[in-house]
Amino acid sequence: MTPAIELVNVSKMYRRYGGRQFSTLKSALLQRSIVRNLQPSETFPALTDVSFSVAKGSTYGVMGRNGSGKSTALKLVAGITKPTSGSVHVEGRISALIELGAGFHPEISGRENVFINGIMLGLSKREIQERFDEIVDFAELREFIDAPVKTYSSGMYMRLGFAVAINVNPDVLLVDEVLAVGDEGFTHKCLD
Amino acid sequence: MLSNLANLFRYRGLIQSLVARELKARYRGSALGFVWSFVNPLLLLLIYTYVFTAVMPNNTEGVQPYALFMFCGILPWTWFSSSLSEAANSLISGGNLIKKVLFPAEVLPIVSVLTNMVHFFLGLPILVAFLLVYQHFPRPENLLWFPVAVLLQLLFTTGLALILSALAVHFRDIKDILANLLTLWFFATPIIYPWFQPSVRKFHTFFDVNPFTHLAVTYQEALFFNQGPVGHWKWLLGYLGVGSVLLFLAGYWLFDRLRDSFAEAV
């Protein structure tokens, strides 16, 4: 059986922009510094030679200190950034809970945001229509779904973001430290 | 690159709902709401009419009524310039999406261009109303060139928007340079003066190189000058048509090359 997630010898270098503060468009075009020819002093290794694979139907946890590269690994799996070397392979639809409600627009209603957020996460309009009640009930926001999102409390905001992301029915669900959502009851509901 | 380009078609639902969101959010909370899309160009046209008929009358022959002539060029120019300035900022202001969600970044500048296109379309009824008020009726066969010009402008603007948005992520100065450059570009294009003016003809090479000249002149010929059929179509299709397609492909290529750097740099 092919694993759902497979990382092979993945390394990720971040650039440090401090030393390149004065680089201009002209110099970038002339020296092609935009196409990576970076000095070692200008990079920061976030991940070095990481390999792991996760079987389908299993839950895989990564623990570590601050700055050890957990979020970077997650972003690589989600495809938001690309590895500097090595390969990342993921089977199926991904939903990443790296930040809840990242695409919400504050001025428009919760209802409209559910639709747009769902489309951003790869659902079709009809699929969202079908799951809309489920999403709203899960977020416990039935009374406030037509209010602009800017009037929501941070807990309501997170709950709605979580409810949309979980209803994408992903094959691979990536969760960063975002499950500290809402009260105890809601946290338990999320973990189920 | 080609497969990414094909994906663009798949994102049409996303693009559509983001354009709708921008339009809804822009007027949310204002008393007039969507009516502003009509009121804004109307007020602009009234101000220009007053200034150029009462304050400093423009009596240039061949472009009377002057306010109407000017409006034919300003309306598409506004679409062009606001698209570019919004697009240049689009990746930076949408940074949250690029960093936190798996999101096709090229959608953002395209949404800026399309949102402003909708505003352009909403300004057209005002233009039509003024054409009727002035009893200035364009020739129907000339109007056929109008959609061609709109289509080419869309392609040209999108190409530039992709380039600017991708570069602005790395070079923030572009936003400020662009604002000034657009002002210069506006006055270097025959929008508030006619292209057949002798002082313009003298430097015609300079004006011919400017792509927006051909759009502005086509709009003016189609909507305002009804002495004869649109004579500018060779320039429009030949230079601007081919140029826009190339610019769009080049813009998309550059955007695609820089795509992986966005999540780290915004």
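Guide: Residues are numbered from 1 along each chain as written, with chains lettered from A and ligands numbered from 1 in written order. In this predicted model, local features need pLDDT of at least 70 and side-chain atom pairs pLDDT 80 or more, while totals for chains, interfaces and linings use all residues.

Visitor: What confidence does the predictor give chain B and the complex?
Guide: pLDDT is the predictor's confidence in each residue, from 0 to 100. Chain B has a mean pLDDT of 85, and 98% of its residues reach 70 or more. For the complex, the ipTM is 0.70 and the pTM is 0.83.

Visitor: What makes up chain A, in helices and strands?
Guide: Helices (H or I, at least four residues) and strands (E, at least two) are DSSP runs, numbered from the N terminus. By that rule chain A has six helices and five strands. Along the sequence the pattern is β-α-β-α-β-β-α-α-α-β-α.

Visitor: Where are the domains of chain A?
Guide: Domain 1 spans 5-91 and domain 2 spans 97-191. These bounds come from an automatic or database domain assignment.

Visitor: How many residues of domain 1 of chain A are in contact with domain 2?
Guide: Contact requires C-beta atoms, placed from the backbone, within 7 Å. Eight residues of domain 1 meet that test with five residues of domain 2. Helix α2 (residues 70-78) of chain A gives the most to the domain 1 side, with five residues.

Visitor: What is the class make-up of that side of domain 1?
Guide: Ala, Val, Leu, Ile, Met, Phe, Trp, Tyr, Cys and Pro count as nonpolar; Asp, Glu, Lys and Arg as charged; the others, Gly among them, as polar. The domain 1 side has five nonpolar, one polar and two charged residues.

Visitor: Why is helix α3 of chain A called largely enclosed?
Guide: A residue is buried if 20 or more other C-beta atoms lie within 10 Å of its own, exposed if 12 or fewer, and partly exposed in between; C-beta atoms are placed from the backbone. Ten of the eleven residues of α3(A), residues 110-120, are buried, so the helix is largely enclosed by the rest of the structure. Among them are A:F115, A:I116 and A:M120. The cover includes α4 (125-139) and α5 (154-166) of chain A, together with α2 of chain B. After α3(A) comes A:G122, with a positive phi near 100 degrees.

Visitor: How many residues of chain B are in contact with chain A?
Guide: In chain B, 20 residues are in contact with 25 residues of chain A. The elements giving two or more residues to the chain B side are α2 (12-27), α5 (95-100) and α13 (233-265). α2(B) gives the most, with seven. By class, the chain B side has nine nonpolar, four polar and seven charged residues.

Visitor: What makes a set of residues a nonpolar core?
Guide: Its members are buried Ala, Val, Leu, Ile, Met, Phe, Trp, Tyr and Cys residues joined through C-beta atoms within 7 Å. The largest such core here has 111 residues; B:F71, B:C72, B:L84 and B:L164 touch the most other members. Helix α4 (residues 66-93) of chain B gives the most to this core, with 15 residues. The core also draws at least three residues from each of domain 1 and domain 2 of chain A. Leaving out residues up to four places away in sequence, B:L84 touches B:T157, B:L160, B:A161, B:L164, B:L178 and B:L182.

Visitor: Why is B:T60 called exposed?
Guide: B:T60 has 12 C-beta neighbours inside 10 Å, so it counts as exposed. B:T60 lies in the loop between α3 (36-55) and α4 of chain B. Beyond neighbours within four places in sequence, its contacts are B:Y66 and B:P194.

Visitor: How do you know that helix α6 of chain B has a span close to the expected one?
Guide: The expected span is 1.5 Å times one less than the number of residues. α6(B), residues 107-133, has 27 residues and reaches 40 Å from first C-alpha to last, close to the expected 39 Å.

Visitor: Is B:Q135 buried or exposed, and what is its phi?
Guide: B:Q135 has 6 other C-beta atoms within 10 Å, so it is exposed. Its phi is near 55 degrees, a positive value in a residue other than glycine. B:Q135 sits in the loop between α6 and α7 (140-143) of chain B.

Visitor: Why does A:N9 count as exposed?
Guide: A:N9 has 12 C-beta neighbours inside 10 Å, so it counts as exposed. A:N9 is in strand β1 (residues 5-15) of chain A. Its phi is positive, about 45 degrees, although it is not a glycine.

Notes: Contact = placed C-beta atoms within 7 Å.
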